[in-house]
Amino acid sequence: MKTSVLTVLLIFIFGIELLGQNLTTINTTLDSITVSSRFLGLKDSTSPYVITALYASNIKSIDHRSLPEALMGSSGVFIQKTNHGGGSAFIRGLTGNQTLILIDGIRLNNSTFRYGPNQYLNTIDMYSIEKTEVAKGIGAVAYGSDALGGIIILQIKEQAYNVQPKWNFSNLTRISSSNIEKTNRTEWGYSSKNMAWNGGISIKNFGDLLGGENVGIQSPSGYNELDYNSKIKLKINDQSSLILSSQQTKLKNIPIYHKVVLENFKVNQIDLQSHTLNYLKFVNKGNVQWRKEMMITLSHQQSVEQRTNQKNNALTIRKEADTANTSSIISEIISTQTEYWTINTGFDFYQDKVNSIYVDINPLANSILNKRGLYPNNANYSNSALFNLHRINFKKWDIQTGIRYNNVTIQFNEATLGDIKVKTSSMVADFAVSYRLSKNHLFYSSIANGYRAPNIDDMGSLGIVDFRYEIPAYNLKPEKSITSELGYKYFNTGVEINVSAYYMKLKDIIARVRIDGKVIDGYNVFNKTNFESAYVKGFEISMNKKIGDYFKWSSNTTYTYGQNVTKNEPMRRIPPMFGQNSLIWNKNNSSIQLSHQYAGVQNRLAQGDKDDNRIGKLGTPQWNVINIVSTQKVKQFEFQLGLLNILNEKYKTHGSGIYGMGRTVNFSLCIYL
């Protein structure tokens with residue numbers, strides 16, 4: 001905590017010093033950050049929101065092993081890891097199905113996304129990503145359900161058109177000490193006047209994770225991964241184009257480390273975690289006022305999770321498999337009323353079909369017993385919405401506002417209750433304004449509704465989840481939030497400062513309630529209901545500064561405070577104060593980055609935290625991790641060498657089921673042709 005407080009003070013002190021400096025020899029970078037289409041092309045320098053952007057060049061750095069790890073250290077984003085193959089992003093204290101993940105504007109979240117930390121962000125290959133944007137406290141009006149804490153927008157790589165036909169190729173090989181990682185990534189690209197294609201294959205082998213200090217090898221924790229992605233753009237004419245994209249990630253044999261170590265399991269693993277997305281997108285850019293741009297996207301996704309577990313001395317082996325097939329159609333039109341006023345109007349429709357099976361296998365008796373899966377088999381979930389967004393930009397003012405109506409229908413059959421059909425609807429709105437006080441100073445404010453419609457995981461779960469036994473709930477309504485925020489941005493040549501403070505009120509939270517006196521298979525029994533209200537408040541500070549011609553210093557700090565009003569106790573899993581400092585030297589084709597990631601102690605705990613064996617009654621100690629990475633480019637070769645966790649710190653991110661990586665040497669070689 002002392003380190004965290006010191007960082008906050010340094011940011012303010014150094015920031016005041018910067019405001020008085022004239023740094024006219026360095027180019028500003030803030031205006032280059034532009035958020036995605038449904039925020040109507042806002043630049044971060046005028047945006048009334050907090051935007052964190054991460055680019056491919058940052059993501060592929062060798063101190064990142066996966067997409068969740070690449071986001072760790074980003075301003076306002078905290079990563080919890082239940083296992084080595086997971087990684088769940090906390091945004092403003094919320095995670096799991098209370099944050100929304102989008103891939104090229106298509107929802108990754110489906111009706112089986114669960115409350116609390118999950119592993120789905122790691123089902124996207126980080127090497128396929130061109131850019132990641134994190135928008136905090138907003139997103140429900142633009143993109144719908146689940147965006148209570150915010151949204152993560154992933155943009156898949158795509159090739160630009162080229163007048164002359166052109167091929168490109170690259171191959172990346174990464175290895176880590178202690179057999180922690182072996183990765184190979186191959187990418188191809190082709191571009192011509194009317195066609196552009198980019199694709200790649202990633203093969204990854206992750207060994208058991210080495211922890212810091214005296215932790216040693218954490219076994220079992222390693223797994224294998226295979227990924228591919230392909231995106232082709234076809235120019236129909238000067239106004240119209242088609243985009244066809246396909247991607248798949250398969251993670252195999254992922255042990256749930258803390259279950260094996262702490263909960264008497266002989267085997268507890270995800271045999272297969274896969275995600276497949278295929279979509280076709282039509283884009284037309286018109287020259288009429290009411291239709292400057294029109295987009296229609298058809299997509300299909302499949303998410304598969306297969307699990308195996310067996311307790312020590314148990315005769316039976318439990319096998320489970322859940323599959324969610326999601327089809328969607330997205331249509332939107334961008335129009336301009338005047339040169340100052342832009343409107344985005346559209347329609348979203350998503351349809352899930354969920355299959356779930358569960359069998360107990362007794363090898364000695366040669367018997368197989370079929371049981372009801374975690375979810376009702378052949379369950380259906382439909383999610384449709386209309387939205388209307390406006391941006392008004394006039395001189396020093398920039399206004400964003402919008403409204404969305406959403407309708408959800410859930411249908412499934414239960415053996416004891418027969419057909420279940422539930423309908424819910426929500427209407428949400430937001431309003432945000434920024435005011436440029438002068439060339440370098442911007443103030444902004446926003447107020448936004450959020451909601452999360454109950455899904456099949458909420459209503460239909462039956463079985464062991466984490467350290468409890470859940471039974472279905474059928475009378476749930478949407479969770480709701482309202483977030484207000486005030487912020488300040490300073491931007492000058494080579495200097496960026498962003499300070500924001502927010503307050504989020506949550507009501508009708510879907511929470512697990514223990515049923516007194518009921519125990520199944522040795523686990524306490526829980527049911528879900530809308531009975532909790534809570535609030536989250538906090539602040540974020542970030543700063544980037546170029547020093548001379550070759551150095552850049554960056555720093556960010558995030559503080560989050562959550563209180564469960566209903567229970568009069570802290571909200572569960574609230575991250576401690578955390579952040580990152582980094583210093584980068586870059587000259588010609590060489591660079592060196594020294595980074596310091598940290599988190600304070602978190603001992604302000606809910607009862608559920610104390611009961612969670614990943615946290616415990618004492619909470620999570622503070623930690624500091626220092627990394628250094630060197631990059632050298634020589635013609636078509638790029639070398640990276642990194643020493644990670646230099647001090648060999650023993651640490652866990654709060655709520656994690658496995659210790660973070662100990663002192664490790666990473667090496668990568670990339671060849672460009």
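Which residue's side chain does Glu 187 meet in a salt bridge?

**Entry 1: ground rules.** I noted that this is a predicted model, in which local features need pLDDT of at least 70 and side-chain atom pairs count only at pLDDT 80 or more, while totals for chains, interfaces and linings use all residues. Residues are numbered from 1 along each chain as its sequence is written, and side-chain values use heavy atoms, with hydrogens and water left out.

**Entry 2: salt bridges.** I looked up the opening pair and found that the side chain of Glu 187 meets that of Lys 157, at 2.7 Å from N to O. A salt bridge here is a side-chain nitrogen of Lys or Arg within 4 Å of a carboxyl oxygen of Asp or Glu. Glu 187 lies in strand β9 (residues 181-191) and Lys 157 in the loop between β7 (150-156) and β8 (166-176), so the pair ties together parts that are 30 residues apart in sequence. I wrote down that helices (H or I, at least four residues) and strands (E, at least two) are DSSP runs, numbered from the N terminus.

Buried means under 20% relative accessible area, exposed means over 50%, and partly exposed is in between, with a 1.4 Å probe and protein chains only.

The next pair was Glu 158 with Lys 231, whose closest N and O atoms are 3.3 Å apart. Glu 158 is partly exposed at 39% relative accessibility, whereas Lys 231 is buried at 2%.

I also checked Arg 307 and Asp 322, whose side chains meet in a salt bridge at 2.8 Å, N to O. Arg 307 belongs to strand β16 (residues 293-311) and Asp 322 to strand β17 (residues 317-338), so the two tie together parts 15 residues apart in sequence. Arg 307 is buried, with a relative accessible area of 14%, and Asp 322 is buried at 8%.

Salt bridges that share partners join Asp 125, Lys 157, Arg 185, Glu 187, Lys 204, Glu 225 and Asp 227 into one network. A search of the whole structure finds 35 salt bridges.

**Entry 3: a sheet.** In what order do the strands of the open sheet of 5 strands stand? I read the order as β1-β6-β7-β4-β5, with mixed pairing, where two strands pair if DSSP finds at least two bridges between them. The edge strands, each pairing on one side only, are β1 (51-55) and β5 (106-107). Strand β6 (residues 129-136) runs antiparallel to β7 and is joined to it by 7 bridges, and Lys 136 stands opposite Gly 150 in β7.

**Entry 4: nonpolar cores.** I noted first that in soluble globular proteins, nonpolar side chains tend to be buried together. A nonpolar core is a set of buried Ala, Val, Leu, Ile, Met, Phe, Trp, Tyr and Cys residues joined through side-chain atoms within 4.5 Å. The largest core has 39 residues, and those touching the most other members are Leu 71, Ile 103, Leu 108, Leu 121, Ile 124, Ile 152 and Leu 154. Elements giving two or more residues to this core include α3 (67-71), β6, β7 and β33 (623-634).

I followed Ile 152 and, not counting residues up to four places away in sequence, found that its contacts (heavy atoms within 4.5 Å) include Leu 71, Ala 89, Leu 121 and Val 134. A second, separate core of 19 residues includes Leu 102, Ile 151, Phe 387 and Leu 389.

**Entry 5: backbone details.** The peptide bond from Ser 219 to Pro 220 is cis, with omega near 0°, and Pro 220 is found in the loop between β12 (216-218) and β13. Asn 264 has a positive phi of about 65° although it is not a glycine, and I placed Asn 264 in the loop between α5 (257-262) and β15. Asn 264 is partly exposed, at 45% relative accessibility. Asn 648, also not a glycine, has a positive phi of about 55°, and this residue is buried at 17%.
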